[in-house]
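Work through the following exercises with the sequence and the structure side by side, and try each task before reading its solution.

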Amino acid sequence: MCGRYTLKSRADVVAGVFGVPVPPTLPERFNIAPFQPVLAVREKPGSHERELVALHWGLVPFWADDPEIGSRMANARSETAATKPSFRSSFRGRRCLIIADGFYEWQARNGKKQPYYIRLKSGQPFGIAGLWDRWDKQGEPIESCTILTCDANEPMMAIHERMPVVIPPNSFGIWLNPAEHDVAKLSRFLRPFHPDEMTAYPVSTLVNNVKQDSPKCVEPLQRA
């Protein structure tokens, strides 16, 4: 799964990677958690232009009776997203990229869980495969998203069995295109990211507390 991630890159760097206008403000975030607003990229309806949007992390399908369903929809398994009722409509035409530059995962160790921080060796921001939807049954629309996960790549397996799906930049256009409905074509992107381009290291349990959102969350753990 993917339960926490970071976005601390400069606004101009994010704009360059994702082909969007430079956002006027982009606060550094070191501990983004489910049910918070997250920054995503999607195509504008009826246009091939990309836009930055804030989405609620925890998908609320358009057909849901109660928006609280989103509390169980922070992640979606990529292997079943195209067919599972909760996600298949969004998979067909409402795909997005969740902007991140690192994520956390917890390794079970001696009855405890050790957090690790995983990022690209380049330090660049990257796009996590996401699905979005718009719920509008009580006069206050909610635009929300979920993060797609896949089997972990080889280095990640020692930490956790799952990881977020990372879409390569040269595939952003296909993934974001709402007119692209070929499940087989889209599913080619739903695989572990190249392990040689990633690095991981243990961090303190400070990140376990969602109220902690500082550079200390990503500092390498100092071994005694």
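Two strands pair if DSSP finds at least two bridges between them, and the helices (H or I, at least four residues) and strands (E, at least two) are DSSP runs, numbered from the N terminus. The model is a predicted one, in which local features need pLDDT of at least 70 and side-chain atom pairs count only at pLDDT 80 or more, while totals for chains, interfaces and linings use all residues. Residues are numbered from 1 along each chain as its sequence is written, and side-chain values use heavy atoms, with hydrogens and water left out.

**Exercise 1. The open sheet**

Find the order of the 5 strands in the open sheet, and state which pairing they show.

Solution. Reading across the open sheet, the order is β2-β1-β7-β8-β13, and the pairing is antiparallel. The edges are taken by β2 (29-32) and β13 (198-202), and because each has a single partner strand, one side of each is left without a neighbour in the sheet. Neighbouring strands of this sheet are turned by 30 degrees against each other on average, direction ignored, where axes are lines fitted to C-alpha atoms, for helices over the stretch in contact, and angles run from 0 to 180 degrees between N-to-C directions.

**Exercise 2. Strand β1 and its partners**

Determine how β1 is joined to β7 and to β2, and which way the side chains of β1 point.

Solution. Begin with β7 (residues 102-109), which runs antiparallel to β1 (residues 4-7) and is joined to it by 3 bridges. Within this pairing, Arg4 stands opposite Tyr104, and Tyr5 has Phe103 as its bridge partner. Next take β2, which is joined to β1 by 2 bridges, again antiparallel; here Tyr5 stands opposite Ile32. Finally, look at the directions: Arg4 and Thr6 point one way from β1, Tyr5 and Leu7 point the other way, and all are buried, a word that means under 20% relative accessible area, whereas exposed means over 50% and partly exposed lies in between (1.4 Å probe, protein chains only).

**Exercise 3. The largest pocket**

Which residues line the largest pocket, and which strands supply them?

Solution. On a 1 Å grid over the protein atoms alone, a cavity is a set of points where a 1.4 Å probe fits but cannot get out, and a pocket is an open set with protein on both sides within 12 Å along at least five of seven lines; lining residues have an atom within 4 Å of a point. The lining consists of Tyr5, Leu7, Thr25, Leu26, Pro27, Arg29, Ile32, Pro37, Val38, Leu39 and Ala54. At least two lining residues come from each of β1, β2 and β3 (37-43), and β3 gives the most, with 3 residues. By kind, the lining divides into 9 nonpolar, 1 polar and 1 charged, where Ala, Val, Leu, Ile, Met, Phe, Trp, Tyr, Cys and Pro count as nonpolar, Asp, Glu, Lys and Arg as charged, and the others, Gly among them, as polar.

**Exercise 4. An enclosed strand**

Is strand β6 enclosed or open to the outside, and with which strands does it pair?

Solution. First count the buried residues: 6 of the 6 residues of β6 (residues 95-100) are buried, so this strand is largely enclosed by the rest of the structure. Turning to the pairing, β3 and β6 run antiparallel and are joined by 2 bridges, with Val41 opposite Leu97. The pairing of β6 with β9 (residues 126-135) is antiparallel over 6 bridges, and in it Cys96 stands opposite Gly130.
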